[in-house]
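Subject: Structure handover

Hello,

Here is the structure for you to look through. My notes on it follow below.

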Amino acid sequence: MIDLHTHSTCSDGTETPRQLINNALIHGLTTIALTDHDSIAGWSQATGALRGTLEVVLGAEISCLTLDGVSVHMLGLLFDGTNPEMIRMLADTRDSRVPRMVKMIELLNAAGYEITMEDIEAVKPVGATLGRPHLADALVAKKYISSRDEAFKGLLNNDSPYYVAHMAPTPEVAIAQIRKAGGVAVIAHPFASHRGEILDASNFDALVAAGLNAIEVDHRDHSASERGMLRTIARDLDLVITGSSDYHGTGKLNALGENSTDPGEWARLESLADARRVVKL
Ligand code: AMP
Ligand code: FE
Ligand code: FE
Ligand code: ZN
């Protein structure tokens with residue numbers, strides 16, 4: 001079973017890269033991609049933990065913003081992790097997440113929530129890409145809410161008055177950068193509408209022109225009809241179709257391998273990278 005989208009403690013997952021690899025073996029996965037938000041910090045630990053016949057696909061989930069302010073997540077897989085422009089793009093986004101969090105804290109403080117950056121640092125793994133899930137964990141620790149899920153249904157939702165966006169590349173810039181670094185670009189959960197505003201079908205032409213390779217169709221945040229629409233778009237634009245769990249450990253309900261990618265689709269996607277970078281023993 002092939003799962004092309006997971007998170008570790010290097011972003012908002014709750015398992016270390018080593019634990020994630022061990023869990024993948026327990027769940028009988030054959031291929032797992034590590035795709036932390038705006039970070040490749042987990043790559044070396046994941047590679048070092050490799051055992052048996054499991055294959056690891058190193059990647060990252062890049063936070064993007066369209067010129068209209070729509071949040072888009074772009075999975076970059078199999079890119080060269082030493083590419084300087086790629087490293088800079090990821091670092092710039094991580095850096096901008098700090099002032100963004102300060103602004104969200106200020107808005108929450110003004111509304112009476114007593115929360116500080118220190119509270120967030122106390123619950124965030126060292127080195128992890130800072131995100132709203134860590135703010136949610138701090139609010140849980142202070143008993144304002146009971147779970148991350150509750151936070152994302154209200155207080156920290158994209159439509160909430162406390163939401164602030166951070167700086168991010170456009171999807172087209174991210175795709176071009178992933179491809180320049182030799183990797184493949186997969187748009188993550190494009191029709192996950194409950195998160196906020198989403199792209200519409202007409203936006204995909206520009207993404208294909210920028211070099212998009214695949215659409216993540218089978219994802220828990222897509223309904224059957226959304227999957228159907230995305231399959232049609234993928235077929236029309238000759239894009240690879242993927243499926244994945246978007247596993248976050250106990251940070252989200254998603255179970256490892258709950259959605260997966262067809263082996264033929266994966267073979268086609270892997271062949272589009274500029275070098276054979278799947279890691280196996
Ligand atoms: P940010 O990148 O800081 O804007 O935070 C967005 C992140 O929150 C995404 O990576 C999601 O994985 C995570 N997220 C969204 N909804 C939920 C949820 N219901 N429970 C836990 N995490 C969530
Ligand atoms: Fe996440
Ligand atoms: Fe995502
Ligand atoms: Zn994700």
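**Cysteines**

The count of disulfides comes to zero, where a disulfide is a pair of cysteine sulfur atoms within 2.5 Å. Cys-10 is buried at 13% relative accessible area. Cys-64 is buried too, at 2%. Buried means under 20% relative accessible area, exposed over 50%, and partly exposed in between, with a 1.4 Å probe and protein chains only.

**Ground rules**

This is a predicted model: local features need pLDDT of at least 70, side-chain atom pairs count only at pLDDT 80 or more, and totals for chains, interfaces and linings use all residues. Residues are numbered from 1 along each chain as its sequence is written, chains are lettered from A and ligands numbered from 1 in the order in which they are written, and side-chain values use heavy atoms, with hydrogens and water left out.

**Metal sites**

Donors here are N, O and S atoms within 2.8 Å of the metal (3.2 Å for Na, K and Ca); water is not among the atoms, so sites may look incomplete.

Start with the iron ion (ligand 2). Asp-12 (OD), Asp-12 (OD), His-37 (NE2) and His-248 (NE2) coordinate the iron ion (ligand 2) at 2.1 to 2.7 Å. Angles among its six donor atoms run from 52 to 152 degrees, and the site is irregular. For the geometry names, four donors are tetrahedral if all angles lie between 85 and 135 degrees; four are square planar and six octahedral if opposite donors are over 155 degrees apart and all others between 65 and 115; anything else is irregular. Along the chain, the donor spacing of the iron ion (ligand 2) is D-x24-H-x210-H. The pair Asp-12 and His-37 links distant parts of the chain, 25 residues apart. Asp-12 sits in the loop between β1 (2-3) and α1 (17-26), and His-37 in strand β2 (residues 31-37). Asp-12 is buried at 8% relative accessible area. His-37 is buried at 10%.

Next, the iron ion (ligand 3). Its donors are Glu-61 (OE), His-73 (ND1) and His-189 (NE2), at 2.0 to 2.2 Å. They are spaced E-x11-H-x115-H in sequence. Glu-61 in strand β3 (residues 55-65) and His-73 in strand β4 (residues 71-77) are 12 residues apart. Both Glu-61 and His-73 are buried. How far apart are the iron ion (ligand 3) and the iron ion (ligand 2)? They are 5.5 Å apart.

Last, the zinc ion (ligand 4). His-5 (NE2), His-7 (NE2), Glu-61 (OE) and Asp-246 (OD) lie 2.1 to 2.2 Å from the zinc ion (ligand 4). Its four donor atoms make angles of 80 to 169 degrees, and this site is irregular. The zinc ion (ligand 4) is 4.5 Å from the iron ion (ligand 2). His-5 lies in the loop between β1 and α1 and Glu-61 in strand β3, so the pair ties together parts that are 56 residues apart in sequence. His-5 and Glu-61 are both buried.

**The sheet**

Helices (H or I, at least four residues) and strands (E, at least two) are DSSP runs, numbered from the N terminus. Two strands pair if DSSP finds at least two bridges between them. Seven strands form an open sheet, in the order β1-β2-β3-β4-β5-β6-β7, with mixed pairing. β1 and β7 (240-243) are at the edges with a single partner strand each, so one side of each has no neighbour in the sheet. β2 and β3 run parallel and are joined by seven bridges. Thr-35 stands opposite Gly-59 in β3.

**Loop residues**

Asn-157 is in the loop between α6 (148-153) and α7 (171-180). Buried or exposed? Asn-157 is buried, at 13% relative accessible area. A polar atom of its side chain lies 2.9 Å from the backbone oxygen of Phe-152.

Most residues other than glycine have a negative phi. Lys-143 has a positive phi, near 65 degrees. Lys-143 lies in the loop between α5 (132-141) and α6 and is exposed at 74% relative accessible area. Asp-238 also has a positive phi, near 60 degrees. Asp-238 is in the loop between α9 (224-236) and β7, and counts as exposed at 57% relative accessibility.

Best wishes

Terms used:
Polar contact = N/O pair within 3.5 Å; in protein donor to acceptor, adjacent residues only side chain to side chain.
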